[in-house]
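Please read it alongside the sequence and the coordinates shown below.

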Amino acid sequence: MTHDTHGHDDREHAPGHHHGHDHKGGHHHATHLDWAAMAPLLERQADIHSPLYTRAAHWLGELVPAVGVRRALDVGSGPGVISVLLAEAFPLAEVVAVDASPELLERALGRAEAKGLAGRVTTLRAELPADFDALGEADLIWAGNSTHHIGDQRAALASFAGLLRPGGLIALVEGGLYARHLPANIGFGRPGLETRIEAAHADWFAQMRAELPDSKDEADDWRGLLAAAGLTPSGTRTFLTDVPAPVPALHREQIVAHFTRLREPLSERLDAEDRASFDRLLDPADPLSVHHRTDLFMLSASTVHTARKG
């Protein structure tokens, strides 16, 4: 499996986004996710949210002594943005970027080399849940928006708990708030378009979860699930990405990509008026499209749930 790097982080478990779980095969699925093709998008997304991840990594450094972290796993690492941040936050640790996509792992190594961390960031190609045994023990596990791509989340957390060394910490990035980019009234169509896109995405996400192998319908009580895995919850914090209008060019590119990616898979879940508004929003020739709007912003919240062993 892989992660959203949103992170988000961004709650962008968007159609066409995540690095290779078992469910990635088969383009006939509306929920098919193609990770390698999304590498530049994932990197840009993670770079945008890196201040959020940096704050989160510093917080983890308060929960577990840096000298005690000798091996850390970034599960669903994607292109390794978080892997590098963890290596910087925990200077004695070997950080292992874990992902199913060799292309993304290659990018992770390249990023580590560019930051002078080539010796301390390594990669491991793994498909979860099948390859849990290959991950090895760890003092810190970061699972960023990756657990929800495993059908049986309760079993996955139990497997993570089994990998933690005594005193070790897991940081689970799940939940938060869906990213918002548009005002309620965008100047055409019915107000509240982004709210309805979010609702359509929630339906898509539920379908994606239901189609996963061994999918279990589980309430998103992450603290309760961590405790059920035999771990001791050690705090939950939410980190904000807040970029007001007008957004820089990098963020605009990301927002354009975000809506472009959602348009096709969500269109059947929207009514005709909203589909027309969506098309107009993505028309580069329209001055009110996301390509040109001056009122675009980026506001999202990512929640990090932590628990320790023993």
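**Salt bridges, sheet and helix packing**

Arg190, Arg196, Asp271, Glu273 and Asp274 are joined in a network of salt bridges. The model is a predicted one, and it holds 16 salt bridges in total.

**Salt bridges between separate parts of the chain**

- Arginine 165 and glutamate 137 form a salt bridge through their side chains, with an N to O distance of 3.3 Å. This pair links distant parts of the chain, 28 residues apart: arginine 165 belongs to strand β5 (residues 164–180), and glutamate 137 to the loop between β3 (121–125) and β4 (138–144).
- Arginine 165 has a relative accessibility of 25% and therefore counts as partly exposed.
- A salt bridge also connects the side chains of aspartate 152 and lysine 216, at 3.7 Å from N to O. The two residues are 64 residues apart and link distant parts of the chain, with aspartate 152 in the loop between β4 and α5 (153–163) and lysine 216 in the loop between α6 (193–210) and α7 (222–228).
- Lysine 216 counts as partly exposed because its relative accessibility is 40%.
- The side chains of arginine 263 and aspartate 279 meet in a salt bridge with an N to O distance of 2.5 Å. Since arginine 263 is in helix α8 (residues 249–267) and aspartate 279 is in helix α9 (residues 272–281), the pair ties together parts that lie 16 residues apart in sequence.

- Strand β2 (residues 94–99) pairs with β3 in the parallel sense over five bridges. Within β3, arginine 125 is the residue that stands opposite aspartate 99.
- β1 and β4 run parallel and are joined by four bridges. Leucine 73 has isoleucine 141 of β4 as its bridge partner.
- β4 and β5 also run parallel, joined by six bridges. Here alanine 143 stands opposite leucine 172 of β5.
- β4 is mostly covered, with seven of its seven residues buried.

**Helix-to-helix packing**

- The axes of helix α1 (residues 39–48) and α4 come within 11 Å of each other and cross at roughly 45 degrees. The two helices are therefore oblique to each other, and their crossing is right-handed. Ala39, Pro40, Leu42, Glu43 and Asp47 of α1 make the contact with Leu104, Arg107 and Arg111 of α4.
- The axes of α6 and α8 come within 11 Å and cross at roughly 65 degrees. This crossing is left-handed. On the α6 side the contact is made by Glu194, Ile197, Ala200, His201 and Trp204, and on the α8 side by Phe259, Leu262 and Leu266.

**Enclosed and exposed positions**

- Helix α3 (residues 81–89) has seven of its nine residues buried, so it is largely enclosed by the rest of the structure. The buried residues of α3 are Val81, Ile82, Ser83, Val84, Leu85, Leu86 and Ala87.
- Alanine 219 lies in the loop between α6 and α7. With a relative accessible area of 55%, alanine 219 is exposed.
- The C-alpha atoms of alanine 219 and glutamine 153 are 9.9 Å apart in space, while the two residues are 66 residues apart in sequence.

Definitions and conventions. Residues are numbered from 1 along each chain as its sequence is written. This is a predicted model: local features need pLDDT of at least 70, side-chain atom pairs count only at pLDDT 80 or more; totals for chains, interfaces and linings use all residues. Side-chain values use heavy atoms; hydrogens and water are left out. A salt bridge is a side-chain nitrogen of Lys or Arg within 4 Å of a carboxyl oxygen of Asp or Glu. Buried means under 20% relative accessible area, exposed over 50%, partly exposed in between (1.4 Å probe, protein chains only). Two strands pair if DSSP finds at least two bridges between them. Axes are lines fitted to C-alpha atoms, for helices over the stretch in contact, and angles run from 0 to 180 degrees between N-to-C directions. Angles under 35 degrees count as roughly parallel, over 145 as roughly antiparallel, 65 to 115 as roughly perpendicular and the rest as oblique. A crossing is left-handed if the near helix is turned anticlockwise from the far one by less than a right angle, and right-handed if clockwise. Contact means heavy atoms within 4.5 Å.
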